[in-house]
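This report goes through one protein model in running text. Look over the sequence and the structure before reading on.

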Amino acid sequence: MNEVIARNHVKVLGTGERTLMLAHGFGCDQSMWRYILPAFEPFYRIVLFDYVGSGGSNLSAYTSERYGSLRGYVQDVLDIVEALELRDVIFIGHSVSSMIGMLASIERPQYFAQLIMIGPSPRYLNDDGYVGGFDKSDVTELLDMMEMNFAGWASFLAPIAMKNPEMPKLTQELERSFISADPAITREFAEVTFFSDCRQALSQATVPSLILQCSDDSIVPIAAGEYLHSHLDNSTFRLMEAKGHYPHISHPEETIALINDYLKSEAAYTG
């Protein structure tokens, strides 16, 4: 247990009966949840963690064999749940973590009560009749930029992904998060993220889910969120007023309100 807790820099806050497990997205760490934490900490037990390779995790535990696919990140989630002996977890995942949580729930549905997906995408690449938002050449250019000029990549992507120019401090915060990570690991995580395809797994998911889709997201087009909703049983779709890919940072009040509305609704328990 202690090995997993240290490896993933796990922190447990709050004393509520129900457990929220917050899973950060690519290029980030658990600190990105701090804007919404105060709303939930008085009422829930909260589990924060960093995937291996991110934040305060044990970088020496990273291997390309384990983390060369989403499977390694799914195992991180399951390891933490088992180490803390959690059950009926409300899993809140941002971006790629939404699919990581869904895959974990398919493998161990008894561990999870609800999935809350913030800016999720079942596939980032465009495909025949499917709008993912990126062509393969777009992603290849991004990966090349990461390899040649990591700082330049961070300063290029941060304002596009945050998409709230009137709040420059948030863009700077995201850029700092990108740049603080190990370049080789971050590039590999980017490759795993952008080339992943979870569409075939959607029919296997049974845990009720909330999809929070931002109205103008440079990373995930609305069509991808709608595809996810239409192929995911027991899912609830909410189109947010928030713009950008990080509503839990740029629009915490709206994010908190929609999560609370869902957790108090019948849909959270019956789908």
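A disulfide is a pair of cysteine sulfur atoms within 2.5 Å. The structure holds 0 disulfides. Cys-28 is in no disulfide, and the nearest cysteine sulfur, that of Cys-214, is 13 Å away. Cys-214 is likewise in no disulfide, its nearest cysteine sulfur being that of Cys-28 at 13 Å.

The model is predicted: local features need pLDDT of at least 70 and side-chain atom pairs count only at pLDDT 80 or more, while totals for chains, interfaces and linings use all residues. Residues are numbered from 1 along each chain as its sequence is written, and side-chain values use heavy atoms, with hydrogens and water left out.

**Single residues**

Burial is judged by relative accessible area: under 20% is buried, over 50% is exposed, and in between is partly exposed (1.4 Å probe, protein chains only).

| Residue | Relative accessible area | Class |
|---|---|---|
| Cys-28 | 4% | buried |
| Cys-214 | 1% | buried |
| Met-1 | 58% | exposed |
| Ile-222 | 29% | partly exposed |
| Thr-19 | 6% | buried |

Helices (H or I, at least four residues) and strands (E, at least two) are DSSP runs, numbered from the N terminus. Contact means heavy atoms within 4.5 Å.

Met-1 sits in the segment before helix 1 (2-7). From Met-1 to Glu-82 the sequence separation is 81 residues, and their C-alpha atoms are 8.3 Å apart. With neighbours within four places in sequence left aside, Met-1 is in contact with Ala-83 and Leu-84.

Thr-19 belongs to strand 2 (residues 19-23). Not counting residues up to four places away in sequence, Thr-19 touches Arg-45, Val-47, Leu-86, Asp-88, Val-89 and Ile-90.

Ile-222 lies in helix 10 (residues 222-231). Leaving out residues up to four places away in sequence, the residues that Ile-222 touches are Gln-213, Cys-214, Ser-215 and Leu-239. Ile-222 and Gly-25 are 197 residues apart in sequence, and 18 Å lies between their C-alpha atoms.

The expected span of a helix is 1.5 Å times one less than its number of residues. Helix 4 (residues 70-83) has 14 residues and reaches 20 Å from its first C-alpha to its last, close to the 20 Å expected. Helix 4 is mostly covered, with 11 of its 14 residues buried. Among them are Leu-70, Gly-72, Tyr-73 and Val-74. After helix 4 comes Glu-85, with a positive phi near 55 degrees.

Helix 12 (residues 252-263) has 12 residues and should span 16 Å; its end C-alpha atoms are 16 Å apart, which agrees. Its buried residues include Pro-252, Thr-255, Ile-256 and Leu-263.

**Helices 7 and 8**

Two packed helices are described by the angle between their axes and the distance between the axes. Axes are lines fitted to C-alpha atoms, for helices over the stretch in contact, and angles run from 0 to 180 degrees between N-to-C directions. At what angle do helix 7 and helix 8 pack? Helix 7 (residues 150-162) and helix 8 (residues 168-180) pack at about 140 degrees, and their axes are 8 Å apart. Angles under 35 degrees count as roughly parallel, over 145 as roughly antiparallel, 65 to 115 as roughly perpendicular and the rest as oblique. Helix 7 and helix 8 are therefore oblique to each other. The residues that meet include Phe-150, Trp-153 and Leu-157 in helix 7, and Leu-170, Leu-174 and Phe-178 in helix 8.
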